[in-house]
Amino acid sequence: MKIAFLGTGLMGEPMAFRLLKANYNLYVYNRTLSKTERLKKHQAKVFSSPEEAVKEPSIIITMLTDYNAISEVLFRDKINFKGKTLIQMSTISPQESLLIKERIENSEGEYLEAPVLGSIQQAEAGELIVMVGGNLESFNKWKKILKNFGQTVLYIGDVGKASSLKLALNQLIPSLLASFAMSLAYVIQKGIDVNTFMEILRKSALYAPTFDKKFPNMIKRDFDKANFPLKHMLKDINLILQEFQNSNINVQMVECIKNILMNAVESNLSDKDYSALYNVIHPMK
Ligand SMILES: NC(=O)c1ccc[n+]([C@@H]2O[C@H](COP(=O)([O-])OP(=O)(O)OC[C@H]3O[C@@H](n4cnc5c(N)ncnc54)[C@H](OP(=O)(O)O)[C@@H]3O)[C@@H](O)[C@H]2O)c1
């Protein structure tokens with residue numbers, strides 16, 4: 001089967017590799033051509049425009065930054081989606097997802113949203129959690145392809161529901177980490193052994209695995225290997241802020257996190273891993 005895969009960035013590339021490994025015929029497009037080279041070496045067909053990449057396949061998967069990037073790639077030139085299904089896997093808001101659905105359906109195509117939880121390592125290993133919104137029949141039809149990205153592929157409901165669930169989960173990412181960063185900074189300032197702090201934390205109900213994942217980065221203040229760039233975390237926090245506000249939820253906490261991330265961006269940490277928020281919470285002397 002032919003699959004068009006658009007967007008081979010940090011997440012898209014390893015996800016595309018999963019499909020090659022499963023012997024699908026992969027038709028690839030990425031704005032920056034150099035990011036398709038490794039896939040090309042493994043038999044993916046690389047195209048210099050999205051229109052060319054989607055011409056033959058009846059299934060299109062996108063893993064692009066945000067709504068603007070998706071619009072740029074899918075709707076700048078007239079692509080005919082008739083008889084094709086788009087599976088959109090980025091983190092976007094439910095409203096944005098519904099807009100894309102409308103645009104695809106106006107062109108007689110079918111739309112599924114399928115945001116993922118997990119990062120590069122899980123994408124490489126096929127261990128992402130895939131949350132799907134859209135028509136149930138269509139979900140059942142394409143589930144087999146999505147299973148290449150992770151064994152946990154869950155039907156959440158209509159379009160918008162999976163995007164909302166993804167935002168609910170992503171809210172926890174910087175909130176948990178900012179909290180951890182604050183306590184870690186305090187422990188260090190007080191001259192207490194950080195290993196003792198971690199040992200107690202791991203044994204307690206307060207522990208979250210993300211703490212151990214990001215602890216070494218924070219201790220070394222080394223955020224260069226960005227699994228999830230800080231600028232994308234800020235993109236998500238902006239979506240969360242708007243969505244939660246519209247849902248009548250007090251967003252004071254989200255606003256604080258947004259400020260921290262914005263300070264990090266001003267300190268040139270945009271392309272670093274999002275755990276670089278530590279440098280804002282515990283500034284270097
Ligand atoms: N990284 C993670 O851990 C993670 C985990 C779960 C979900 N996500 C979500 O997955 C999506 C992709 O994330 P990522 O980490 O793979 O990001 P990334 O490495 O920055 O990749 C973004 C992709 O979008 C393309 N793009 C951006 N703006 C564009 C435009 N105006 N026109 C055409 N193409 C454009 C980029 O093309 P170029 O290569 O040309 O820049 C690249 O292919 C995001 O929505 C992110 O929030 C990320």
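Among contacts in the protein between residues at least 6 apart in sequence, what percentage join residues at least 24 apart?

1. That figure is 63%. Keep in mind that we're looking at a predicted model here.

2. Overall make-up next. The protein has 13 helices and nine strands. Its radius of gyration comes out at 20 Å, close to the 19 Å that the globule rule gives for 285 residues, so the protein is as compact as a globular protein of that length. The C-alpha trace spans about 65 × 45 × 35 Å along the principal axes, and 42% of the 285 residues count as buried.

3. On to the domains. The assignment gives domain 1 (2-158) and domain 2 (164-281), and their C-alpha centres lie 28 Å apart. Eleven residues from domain 1 and 14 residues from domain 2 make the contact. On the domain 1 side, the residues touching domain 2 sort into six nonpolar, four polar and one charged.

4. The ligand is worth a look with the domains in mind, since its shell draws at least three residues from each of domain 1 and domain 2. There are 27 residues around the ligand, and Gly9, Arg31, Thr32, Ser90 and Ser119 come nearest. By class, the shell has nine nonpolar, 13 polar and five charged residues.

5. Which helices each supply at least two residues of that shell? They include α4 (67-75) and α11 (230-246). The largest share, four residues, comes from α4.

6. As a reminder, an α-helix has 3.6 residues a turn, so residues three or four places apart point the same way.

7. Most residues other than glycine have a negative phi. Asn23 is not a glycine, yet its phi is positive, about 70 degrees. You'll find Asn23 in the loop between α1 (12-21) and β2 (25-29). Is Asn23 buried or exposed? Asn23 has 9 other C-beta atoms within 10 Å, and the cut-off for exposed is 12 or fewer, so Asn23 is exposed.

8. Glu108 is the other one: a positive phi of about 65 degrees, and again not a glycine. Glu108 sits in the loop between α5 (94-106) and β6 (110-113). Because Glu108 has 11 C-beta neighbours inside 10 Å, Glu108 counts as exposed.

9. Finally, Asn263, in helix α12 (residues 252-266). Asn263 has 15 C-beta neighbours inside 10 Å, so it counts as partly exposed. How far apart are the C-alpha atoms of Asn263 and Ile145? They are separated by 40 Å, and the two residues are 118 apart along the chain.

How values were computed. Residues are numbered from 1 along each chain as its sequence is written. This is a predicted model: local features need pLDDT of at least 70, side-chain atom pairs count only at pLDDT 80 or more; totals for chains, interfaces and linings use all residues. The radius of gyration is taken over C-alpha atoms; the globule rule is 2.2 Å times the number of residues to the power 0.38. A residue is buried if 20 or more other C-beta atoms lie within 10 Å of its own, exposed if 12 or fewer, and partly exposed in between; C-beta atoms are placed from the backbone. Two residues are in contact if their C-beta atoms, placed from the backbone, lie within 7 Å. A residue is near a molecule or strand if its C-beta atom, placed from the backbone, lies within 6 Å of it. Ala, Val, Leu, Ile, Met, Phe, Trp, Tyr, Cys and Pro count as nonpolar, Asp, Glu, Lys and Arg as charged, and the others, Gly among them, as polar. Domain bounds come from an automatic or database domain assignment.
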